[in-house]
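Let's take a walk through this structure together. We will stop at two places, one after the other.

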There are 2 protein chains.
Amino acid sequence: MEKQHNLSKNQKIIFDLIDKSPEPLKAYSILFNVQKKGINAPLQVYRALDKLVEIGKIHKIESRNAFIACQNSSCQISKATAFSICESCEKVSEISNTKLSKYLSNFADESGMKYTKYNLEFFGLCKKCKSK
Amino acid sequence: MEKQHNLSKNQKIIFDLIDKSPEPLKAYSILFNVQKKGINAPLQVYRALDKLVEIGKIHKIESRNAFIACQNSSCQISKATAFSICESCEKVSEISNTKLSKYLSNFADESGMKYTKYNLEFFGLCKKCKSK
DNA sequence: TTGTAAATGTTATATTATTACATAGTGTTA
DNA sequence: TAACACTATGTAATAATATAACATTTACAA
Ligand SMILES: [Zn+2]
Ligand SMILES: [Zn+2]
Ligand SMILES: [Zn+2]
Ligand SMILES: [Zn+2]
């Protein structure tokens with residue numbers, strides 16, 4: 001059974017915005033968009049983002065400093081994430097590939113380090129951009 | 001044959017600093033450290049960093065906004081990078097594992113997107129921190 | 001109902017990165 | 001050599017991203 005997270009007011013406003021967006025959103029663009037809803041300060045946005053990331057409802061695209069809603073309901077609380085990023089149009093998709101996630105979750109090298117989390121970002125040209 | 005890149009004065013100063021550092025360095029920490037060598041402005045640092053990343057001499061650790069020297073001479077110009085990051089002591093190492101890099105370089109999913117580059121960051125506790 | 005954790009509100013500030021513009025060096029070729 | 005293109009440098013200003021510190025309020029379980 002998944003733990004149920006009842007989002008708070010600010011968290012819900014911000015999650016809904018990200019969830020509806022076809023593209024990753026940046027923190028200050030989120031701030032701009034929610035000011036009409038009474039969220040006025042960067043910290044209010046960042047706190048909601050932190051929480052949403054923590055509970056796995058959204059992910060941060062590190063190379064872009066931007067946030068997208070989790071497109072993979074079975075995503076294990078942001079512990080194992082993979083994305084594809086088009087370097088031309090900046091379209092980002094979450095990759096959910098069982099083989100890939102198994103391979104990476106079980107990955108171990110000679111360092112003796114046990115990995116509990118990973119984030120993978122693939123880059124290239126999406127179908128549309130490739131055919132231009 | 002690898003293309004030879006003769007580093008410019010600023011590039012060399014900044015590469016040497018990063019290369020000698022046991023830990024990833026942040027841009028403004030680099031700036032602070034090279035001011036005695038006549039590099040005074042953020043842009044001078046960022047320009048050198050951009051170039052060094054481009055030619056594969058250093059890599060950016062995206063989740064940390066920090067830079068490390070390439071520890072893998074055969075690294076294909078920053079097109080395929082993997083790192084291990086200790087979430088306790090923040091030690092970062094570049095992973096060079098042929099199987100892993102082959103697996104990821106050949107990865108393809110149903111999206112029809114051809115990936116030309118990837119960056120992978122593993123997180124966990126290093127040996128030292130685990131045994132504490 | 002009282003204690004505790006989570007969330008909010010607000011101001012200020014820290015950190016990371018880029019724009020714009022002027023100048024200087026490096027190497028190639030006419 | 002002169003002309004050219006390209007890369008690198010210097011400097012100032014500013015944009016974009018993120019956190020610290022502090023006061024207050026809300027949710028909710030013991
Ligand atoms: Zn997900
Ligand atoms: Zn595209
Ligand atoms: Zn490398
Ligand atoms: Zn450690």
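**A metal site and a DNA strand**

In this predicted model, the zinc ion (ligand 2) is held by the SG atoms of Cys86(A), Cys89(A), Cys126(A) and Cys129(A), at 2.3 to 2.4 Å. Seen from the zinc ion (ligand 2), the four donor atoms subtend angles of 106 to 113 degrees, so the arrangement is tetrahedral. If you follow the donor residues of this ion along the sequence, you will find the spacing C-x2-C-x36-C-x2-C.

Now let's turn to the DNA. There are 16 residues around DNA strand D, and those that come nearest are Lys26(A), Leu43(A), Lys60(A), Gln44(B) and Arg47(B).

Arg47(B) reaches a base instead: an N or O atom in its side chain is 2.5 Å from a base nitrogen of DNA strand D.

Stepping back to the elements, two or more residues of the surface near DNA strand D come from each of helix 3 (42–54) of chain A, helix 1 (9–20) of chain B and helix 3 (42–54) of chain B. Helix 3 of chain B gives the largest share, four residues. Sorted by class, this surface has five nonpolar, six polar and five charged residues.

How values were computed. Residues numbered from 1 in each chain as written. Chains lettered and ligands numbered in written order. Predicted model: local features only at pLDDT ≥ 70, side-chain atom pairs only at ≥ 80, totals over all residues. Heavy atoms only, no water. Donors = N, O, S within 2.8 Å, 3.2 Å for Na, K, Ca; no water. Tetrahedral: all angles 85-135°; square planar, octahedral: opposite > 155°, others 65-115°. Near = heavy atom within 4 Å. Polar contact = N/O pair within 3.5 Å; in protein donor to acceptor, adjacent residues only side chain to side chain. Nonpolar A, V, L, I, M, F, W, Y, C, P; charged D, E, K, R; others polar.
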